[in-house]
Amino acid sequence: MNDRVLVVGDVMTDVIVAPEGPLVHGSDRRAKIRSRPGGSGANQAVWLGAMATKVVFAARVGADDKAMYEEYFRSLGVIPALAGDANEPSGVLVTILDPDGERSFLSDRGANLHLCSADLPESLLAEIGMVMVSGYSFFAPGPRAAVKKLLGAAKARGIAVAIDPASIGFLEEVGAAAFLEWTAGADWLFANESEAELLCGEADFEACMRCLGNRFANVVIKRGRYGAALGGKDGARVALSAPVVNVVDSTGAGDAFAAGFIAAHLSGKDEATALAQAVAAGAKAVQKLGGQPD
């Protein structure tokens with residue numbers, strides 16, 4: 001089995017805001033503000049690179065930033081396949097952190113919204129063992145069409161396809177039925193509990209697992225501090241608890257989790273070992289600021 005991963009998703013600059021207390025409408029609040037490289041797809045690619053997995057990352061950025069991003073990704077063990085947009089800037093995400101480490105987002109996806117088929121040629125699939133697509137790529141018509149075409153080519157070649165829904169807010173906007181139709185036939189789904197519940201219309205964890213298992217061959221549900229489970233149409237096959245850690249910032253934890261699982265899976269590890277590596281990666285991610293490894 002080929003062990004190279006093709007990740008398709010967003011590149012963003014994360015502006016992380018940690019206020020000292022509740023926001024004061026119409027006035028000031030002291031805060032710690034930091035800027036970090038981010039984007040769900042970019043995070044996954046960089047975490048995979050940090051795990052010594054061969055990874056290609058396809059995305060669209062502002063033309064003025066293209067050379068800088070290419071150098072950045074190469075320095076982190078990621079092969080960049082970036083398109084430059086002459087009209088739109090690279091995406092920016094403002095993250096507002098709560099004291100408990102949970103976060104709210106303000107997103108300007110910029111050049112990411114113009115990802116097109118020319119940015120995702122079938123040549124990207126050479127020597128690829130899995131294609132991992134961030135759900136953000138399905139939430140706008142242009143990127144969605146491009147990704148669906150690429151995934152069709154991947155399936156025709158027998159390449160495994162994995163989907164991460166990525167955003168409960170955007171999922172609510174497009175609707176569960178539409179998202180499930182767009183991602184039909186994928187081999188893997190990596191969803192958190194809120195995303196799983198929305199996609200199934202079920203509040204029960206086991207019911208969600210079986211429901212999603214009727215649409216995806218393998219389902220991984222991330223349960224935050226409760227750990228994670230892997231299963232399918234017959235329910236959970238493996239479930240693990242999460243270690244108790246000091247949560248600094250949960251941004252990118254799901255991306256690190258998915259990368260940890262995929263890296264272990266493609267290296268031939270069994271399901272329990274892969275899930276354990278995923279949980280460990282997610283726990284490591286929440287203990288630092290930003291969505292990518294240091």
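Which residues do ring pairs link into a cluster? In this predicted model, ring pairs join Tyr136, Phe138, Phe139, Phe170 and Phe179 into a cluster. The model being predicted, local features need pLDDT of at least 70 and side-chain atom pairs count only at pLDDT 80 or more, whereas totals for chains, interfaces and linings use all residues. Residues are numbered from 1 along each chain as its sequence is written, and side-chain values use heavy atoms, with hydrogens and water left out.

A pair of aromatic rings is described by the distance of the centres and the angle of the planes. Rings of Phe, Tyr and Trp (its six-membered ring) were taken to pair if their centres lie within 6.5 Å, with planes under 30 degrees apart counted as stacked, over 60 as edge-to-face and the rest as tilted. The count by this rule is eleven aromatic pairs. For Phe138 and Phe179, the ring centres are 5.7 Å apart and the planes stand at 75°, so this pair is edge-to-face. The pair links distant parts of the chain, 41 residues apart: Phe138 is in the loop between β8 (128-134) and α3 (141-156), and Phe179 is in helix α5 (residues 176-182). Helices (H or I, at least four residues) and strands (E, at least two) are DSSP runs, numbered from the N terminus. Phe138 counts as buried, at 0% relative accessibility, and Phe179 counts as buried at 0%. Here buried means under 20% relative accessible area, exposed over 50%, and partly exposed in between (1.4 Å probe, protein chains only).

The rings of Trp188 and Phe190 form a stacked pair, because their centres are 6.2 Å apart and their planes are at 20°. Trp188 is buried, with a relative accessible area of 6%, and Phe190 counts as buried at 0% relative accessibility. Both Trp188 and Phe190 are touched by Phe261, whose other contacts are Leu230, Glu271, Ala274, Leu275 and Ala278, not counting residues up to four places away in sequence. Contact means heavy atoms within 4.5 Å. Phe261 is part of helix α8 and counts as buried at 1% relative accessibility. Its C-alpha atom is separated by 9.5 Å from that of Val220, 41 residues apart along the chain.

Charges over rings were also identified (NZ of Lys or CZ of Arg within 6 Å of the ring centre and within 35 degrees of the ring normal). Arg144 lies over the face of Trp182, at 4.0 Å from the ring centre. Arg223 lies over the face of Phe205, with 4.0 Å to the ring centre.

Ser40 belongs to helix α1 (residues 40-50) and is buried, with a relative accessible area of 9%. Its side chain is joined to that of Ser134 by a polar contact of 3.4 Å. A polar contact is a pair of N or O atoms within 3.5 Å; within protein, one must be able to donate a hydrogen and the other to accept it, and residues adjacent in sequence count only if both atoms are side-chain atoms. Leaving aside neighbours within four places in sequence, Ser40 is in contact with Asp10, Ser134, Tyr136, Ala166 and Asp255.

Glu127 provides an exposed case, with a relative accessible area of 54%. Glu127 is placed in the loop between β7 and β8. Apart from neighbours within four places in sequence, Glu127 is in contact with Asn2 and Arg4. The C-alpha atoms of Glu127 and Arg4 are separated by 6.6 Å, although the residues are 123 apart along the chain.

Pockets and cavities were found on a 1 Å grid over the protein atoms alone: a cavity is a set of points where a 1.4 Å probe fits but cannot get out, and a pocket is an open set with protein on both sides within 12 Å along at least five of seven lines; lining residues have an atom within 4 Å of a point. Grid points are joined across faces, edges and corners, and a volume is the space filled by probe spheres set on the points. The largest pocket has a volume of about 1600 Å³. Its lining has 48 residues, of which Glu102, Arg103, Asn192, Ser250 and Ala253 lie nearest the centre. Helix α8 gives the most to this lining, with four residues.

One cavity of 30 Å³ or more was counted. The largest cavity holds about 30 Å³ of space and is lined by Glu193, Ala196, Glu197, Asp204, Phe205, Cys208 and Ile221. The largest share of this lining, three residues, comes from α6.
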